[in-house]
Amino acid sequence: KPEAWLSSGSSPGPGRLLLVCHVSGFYPKSVWVMWMRGEQEQRGTQRGDVLPN
């Protein structure tokens with residue numbers, strides 16, 4: 001079962017917070033992760049690549 005958790009990164013500027021979402025436990029299947037606010041996907045967020053464990 002996939003597991004997700006958040007961490008904070010370096011602040012990109014005054015009054016801004018960088019949140020990083022980590023997901024594991026989905027191998028060998030693919031997983032799609034996106035930032036949501038309520039029922040709406042948050043546009044303009046950065047998407048990363050699949051990285052090895």
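This is a predicted model: local features need pLDDT of at least 70, side-chain atom pairs count only at pLDDT 80 or more; totals for chains, interfaces and linings use all residues.
**Figure 1. Overall view of the protein chain, with 4 strands and 0 helices.** The C-alpha atoms fill a box of roughly 40 × 25 × 15 Å along the principal axes. The radius of gyration of the chain is 13 Å, whereas a compact globule of 53 residues would have a value near 10 Å. Of the 53 residues, 2% are buried. The accessible surface comes to about 5,300 Å², and carbon and sulfur atoms contribute 52% of this area. Among contacts with a separation of 6 or more, 7% are between residues 24 or more positions apart.

**Figure 2. Ala 4 in strand S1.** Strand S1 covers residues 3-8. Ala 4 has a relative accessible area of 54% and is therefore classed as exposed, the cut-off for that class being over 50%. When residues up to four places away in sequence are not counted, Ala 4 touches Cys 21, His 22 and Val 23. Strand S2 spans residues 19-24. Ala 4 and Arg 47 are 43 residues apart along the chain, and their C-alpha atoms are separated by 15 Å.

**Figure 3. A nonpolar surface patch formed by Leu 6, Leu 17 and Leu 19.** Together these leucines have about 310 Å² of accessible area. Leu 6 belongs to strand S1.

**Figure 4. Gly 13 and Gly 15 in the loop between S1 and S2.** How does burial compare at these two positions, buried or exposed? Gly 13 has a relative accessible area of 17%, so this residue counts as buried, the limit being under 20%. Gly 15 has a relative accessible area of 91% and is exposed. Between the C-alpha atoms of Gly 13 and Met 34 the distance is 23 Å, at a sequence separation of 21 residues.

**Figure 5. Gly 25 in the loop between S2 and S3.** Strand S3 consists of residues 36-37. The relative accessibility of Gly 25 is 49%. Gly 25 therefore counts as partly exposed, because the exposed class requires over 50%. Apart from neighbours within four places in sequence, Gly 25 is in contact with Lys 1 and Pro 2. Ser 11 is 14 residues from Gly 25 in sequence, and the two are 28 Å apart in space, C-alpha to C-alpha.

**Figure 6. The salt bridge between the side chains of Glu 41 and Arg 43.** How many salt bridges does a search of the whole structure find? The search finds 1. Side chains of opposite charge can pair when their charged atoms come close. Here the N to O distance is 3.8 Å, and the pair qualifies because the cut-off is within 4 Å. Where do the two partners stand in accessibility, exposed or partly exposed? Glu 41 is partly exposed, with 23% relative accessibility. Arg 43 has a relative accessible area of 70% and is exposed.

Terms used:
Residues are numbered from 1 along each chain as its sequence is written. Side-chain values use heavy atoms; hydrogens and water are left out. Patches are made of residues with over 30% relative accessible area and no salt bridge: like charges are joined within 9 Å, nonpolar side chains (Val, Leu, Ile, Met, Phe, Trp, Tyr) within 5 Å. Accessible areas come from the Shrake-Rupley method with a 1.4 Å probe; for residues, only the protein chains shown count as cover. Helices (H or I, at least four residues) and strands (E, at least two) are DSSP runs, numbered from the N terminus. Buried means under 20% relative accessible area, exposed over 50%, partly exposed in between (1.4 Å probe, protein chains only). The radius of gyration is taken over C-alpha atoms; the globule rule is 2.2 Å times the number of residues to the power 0.38. Contact means heavy atoms within 4.5 Å.
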